[in-house]
Amino acid sequence: MEDYRLLVDLHRDGYRQGPGGDSETELAIRLSRLDEKEKLRILDIGCGTGASTIVLASLLDCQITAIDIFDEFLTEVGHRAKEKGLENQIETLKCTMDDLPFAIEEFDAIWGEGAIYNMGFSKGVSYLRDFLKPEGILAVSEMTWFSSKRPKELEVHWNEEYSEMATTSAKIKVLESSGFSIQGYFPLPNKCWKKNYYDAMSARFDDFLMRNEDSEDAKAIVAAEKQEMRLHDQYHRFYGYGFYIAKKL
Ligand code: SAH
């Protein structure tokens, strides 16, 4: 099985496919002030199985398009939307976030939890801006160094994983120099990583390995996740997801 098939297999039963939490999605909504507006048109990029999509649709008067590159995730978004009676507000679309089939200035808000890194933060911020109406909101969570001082082992690991690792102030600078003003920022609390993401994923490891007959590729994926968790246990004070809420000027 190809590597990405295995990753989908590991993550498809997850409530989230990255660190986050419903109350943190809610907090970002409050900071965006979108709840004061009506009939919003929203795009959720890299929606996974739809954790943020469902919170947005529940709390806002909106029409959401949730996109991802994997059918398996989008099917789950559809199921969840139905379960919650939100199917009239949510449509899913398989497409890539760096080649969007939408009109310029179509959206009041573009949401992306743990997803914009797939196209790179700087490129993503300026590309997505075109699809926002004036004063539209970009709300994204993004890997961030919480301090300019950090342990070498951690720095080597994450710089290798993601070339755009940078501090909060550097990320804010990218947003400001791309024509956004900052409406809010907060770092995701540790429970969004540990409880909501890593512990939930760890509970799926045994079934995942069994389904994939303990293949070397499956074992390598579990080993890499465990290494990431070890670093997180030890060093989570120094890095994590920053949630950036920015308005297009
Ligand atoms: N927002 C979800 C998922 C985060 S994981 C959550 O917070 O739970 C990142 C998601 O981005 C995955 O679902 C992955 O399939 C999707 N993805 C990866 N590359 C993408 C691309 N180029 N375009 C759209 N989605 C992409």
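Helices here are DSSP runs of H or I with at least four residues, numbered from the N terminus. Keep that in mind as we work through this predicted model.

**Exercise 1. The largest pocket**

Find which helix gives the most to the lining of the largest pocket, and describe that lining by class.

*Solution.* 

Step 1. Start with the space itself: the largest pocket has a volume of about 1,200 Å³.

Step 2. Collect the lining. There are 47 residues in it, and those nearest the centre are Gln17, Gly114, Tyr117, Asn118 and Tyr197.

Step 3. Sort the lining by element. At least two residues each come from helix 1 (3-11), helix 3 (51-59), helix 6 (152-161), helix 8 (190-202) and helix 10 (216-235), and also from strand 1 (40-45) and strand 2 (62-68). Helix 10 gives the most, with 6 residues.

Step 4. Sort by class: 25 of the lining residues are nonpolar, 13 are polar and 9 are charged.

**Exercise 2. Helix 10 and its surroundings**

Compare the span of helix 10 with the expected one, then list its buried residues and what covers them.

*Solution.* 

Step 1. Helix 10 has 20 residues, and its first and last C-alpha atoms are 28 Å apart. The expected span is 1.5 Å times one less than the number of residues, and for helix 10 the span is close to the 28 Å expected.

Step 2. Apply the cut-off for burial, which is under 20% relative accessible area. In helix 10, this picks out Ala218, Ile221, Val222, Glu225, Glu228, Met229, Leu231, His232 and Tyr235.

Step 3. Look for the cover. The elements over the buried residues of helix 10 include helix 1, helix 6, helix 8, helix 9 (205-211) and strand 7 (239-248).

Step 4. Now turn to helix 1. Its buried residues are Leu6, Val8, Asp9, Leu10 and His11, and they pack against helix 4, helix 8, helix 9 and helix 10.

**Exercise 3. Salt bridges across the chain**

*Solution.* 

Step 1. Recall the general idea: side chains of opposite charge can pair when their charged atoms come close. With a cut-off of 4 Å between nitrogen and carboxyl oxygen, the count comes to 15 salt bridges.

Step 2. Glu24 is buried at 7% relative accessibility, while Lys191 is partly exposed at 39%.

Step 3. Arg41 belongs to strand 1 and Glu106 to the loop between strand 3 (90-94) and strand 4 (107-112), 65 residues apart. Arg41 counts as buried at 18%, and Glu106 as partly exposed at 22%.

Step 4. Asp71 lies in helix 4 (residues 71-83) and Lys94 in strand 3, so the pair ties together parts that are 23 residues apart in sequence. Both partners are partly exposed: Asp71 at 39% and Lys94 at 49%.

Step 5. Finish with a network: salt bridges with shared partners join Arg16, Asp22 and Glu113.

Key
Residues numbered from 1 in each chain as written. Predicted model: local features only at pLDDT ≥ 70, side-chain atom pairs only at ≥ 80, totals over all residues. Heavy atoms only, no water. 1 Å grid on protein atoms, 1.4 Å probe; cavity = no way out; pocket = protein on both sides within 12 Å on 5 of 7 lines; lining within 4 Å. Points joined across faces, edges and corners; volume = space filled by probe spheres on them. Nonpolar A, V, L, I, M, F, W, Y, C, P; charged D, E, K, R; others polar. Salt bridge = Lys/Arg side-chain N within 4 Å of Asp/Glu carboxyl O. Buried < 20%, exposed > 50% of the residue type's maximum accessible area, 1.4 Å probe, protein only. Contact = heavy atoms within 4.5 Å.
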